[in-house]
Amino acid sequence: MGHGLRCIVPARGQASWRLCFDPRDWSVGEGGSTAAPDARDAMKKGFSTIMSAQFFSSLADNALLVAAVELLLESQAPQWQTPALAPMFALFYVVLAPFVGAFADSIPKGRVMFVSNGIKIVGCLMMLFGTHPLLAYAVVGLGAATYSPAKYGILTELLPPSQLVKGNGWIEGLTVASIILGILLGGQLVGPRLAPLLLGLDLPLIDTGIDTPPEAAIVVIAVVYLIAAVINLYIPRTSAPLIPMTGSVSSMVRDFAVCNARLWADKLGQITLATTTLLWGIFGNLRLIVFAWAAAALGYGTTQASNLAGVVIIGSVVGAVAASVTTKLDRATNVLRLGIVVGFLMIGLNVISSAWMAAPFLIVLGALCGFLIVPMNALLQHRGHNLMGAGRSIAVQNFNEQACILGLGAFYAGMTRLGLSAFVAIAVFGLMVAGTMELIRRWHLHNTVVHRDEIERLLAIARIDGGH
């Protein structure tokens, strides 16, 4: 094969495909074809479609979170129920972790994402028609739990390892953007400007029963979910072989346990998994803590707090894009020190007393988070894909991260129920990030000394596109 062209061929009995790549370029060919321009065009189109669908789906998730917060406030629900929204959303990520990865690997991932957005629409409508926000948001979390392994898993099918950090940079930057813009959108939909306009849009001769700002917001959010579902239909089918779901429930649980243990045993996978688990556990709850902090420190309501959260987009997107441009996959662990800085910056939030101080502070915090999480996610996905397949590895990642969100969310809800303030929660979470990240950094240094040969072998794989 000219120019050192390499091909990866599936095992006998699997679908007829092969991945061919040149160290100086890369391409995907069917049946031996190396039509690189067509392959690159298809990958570029597929990646853009995935990003569009992810943006709208995540935008709706976070706008719905704000609507749920406002519903709880309007109904004068106990204060602890607001922070309980985050762990309820994470519940099915943990419960269904042994199954969603295998499900994502068994059928085309675009179809998985379409079904997942359909489940989210059901949860959204449940909230609209009177189901308790905690229960309805858990159903939305069910849709998200099935969506995530497909969303991230398809990246490893479309992109070679050298492009994974860049691909993660774009999709993580877009995800962070959708989180912040979703909170911002939700705040505006329940706010004093848009809510009256939405409530004034009545259908002739039909009583819709939509009488409050949160209900009107939920209708708009359901439409956003529908847009995401339609885009899912245009996600291209990759050449990766499907892996049928086989065996009993108990065997699938055992298989998941083996996959989880395998990733934790991997000398690079364990470091990236520990880092992303901690950070997503903290930041998954921090969105709700910010609402309580903004009310206590700045006297802000739901709409104003969501507006303040919008400034984080500037830093987080810049950080994510910067990481995608400057950080190579085999150098991802170099960013571990930033996690310690992030922890102490979180504590610094407690000394801020004005929006003018908060805006630049949150921009810097967002930039550091984006620059830290993107390389860690990319390396984790690369190791997981090599060890067990894309869908299963993302399910393992989600299980650990969402279990952390669930545990820390329950911890924060418990602190709230005992009367502790958002300032205390922020200080506790900040110290937890700084201390744990220092332990993870030392853990990695230990691995580089005691398991030096293994670390070098794994990093060599990360430098070779398509290498397994």
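Author: We start with the rings of this predicted model. Ring pairs join F89, Y93 and Y137 into a cluster.

Reader: How many aromatic pairs does a search of the whole structure find?

Author: Rings of Phe, Tyr and Trp pair if their centres lie within 6.5 Å. With the whole structure searched, the number of aromatic pairs is five.

Reader: Is the pair of F55 and F56 stacked or edge-to-face?

Author: The ring centres of F55 and F56 are 5.5 Å apart. Planes over 60 degrees apart count as edge-to-face. The planes here stand at 80°, so the pair is edge-to-face.

Reader: Is F56 buried or partly exposed?

Author: Buried would need under 20% relative accessible area. F56 has 26%, so this residue is partly exposed.

Reader: What is the geometry of the aromatic pair F89 and Y137?

Author: The centres of F89 and Y137 lie 4.9 Å apart. Planes under 30 degrees apart would count as stacked, and over 60 as edge-to-face. The angle here is 35°, and the pair is tilted.

Reader: Which helices does the F89 and Y137 pair link?

Author: The two residues are 48 residues apart, and their pair links distant parts of the chain. Both are buried. F89 is in helix 2 (residues 85-95), and Y137 is in helix 5 (residues 133-158).

Reader: Which residue lies over the face of Y147?

Author: A charge sits over a ring if NZ of Lys or CZ of Arg is within 6 Å of the ring centre. At 4.9 Å from the ring centre of Y147, the residue over the face is K120.

Reader: Which elements give two or more residues to the nonpolar patch?

Author: The patch covers about 580 Å² of surface and is made by F114, V115, L226, V230, L233 and Y234. F114 is found in helix 4 and has a relative accessible area of 34%. The elements with two or more patch residues are helix 4 (109-128) and helix 8 (213-232).

Reader: Why is helix 3 largely enclosed by the rest of the structure?

Author: Helix 3 spans residues 97-106. Its buried residues include P98, V100 and D105.

Key. Residues numbered from 1 in each chain as written. Predicted model: local features only at pLDDT ≥ 70, side-chain atom pairs only at ≥ 80, totals over all residues. Heavy atoms only, no water. Patch = residues over 30% accessible without salt bridge, like charges linked within 9 Å, V, L, I, M, F, W, Y side chains within 5 Å. Areas by Shrake-Rupley, 256 points an atom, 1.4 Å probe, with all protein chains shown as cover. Salt bridge = Lys/Arg side-chain N within 4 Å of Asp/Glu carboxyl O. Helix = DSSP H or I, 4+ residues; strand = E, 2+ residues; numbered from the N terminus. Buried < 20%, exposed > 50% of the residue type's maximum accessible area, 1.4 Å probe, protein only. Phe/Tyr/Trp six-rings, centres within 6.5 Å; stacked < 30°, edge-to-face > 60°. Lys NZ or Arg CZ within 6 Å of the ring centre and 35° of its normal.
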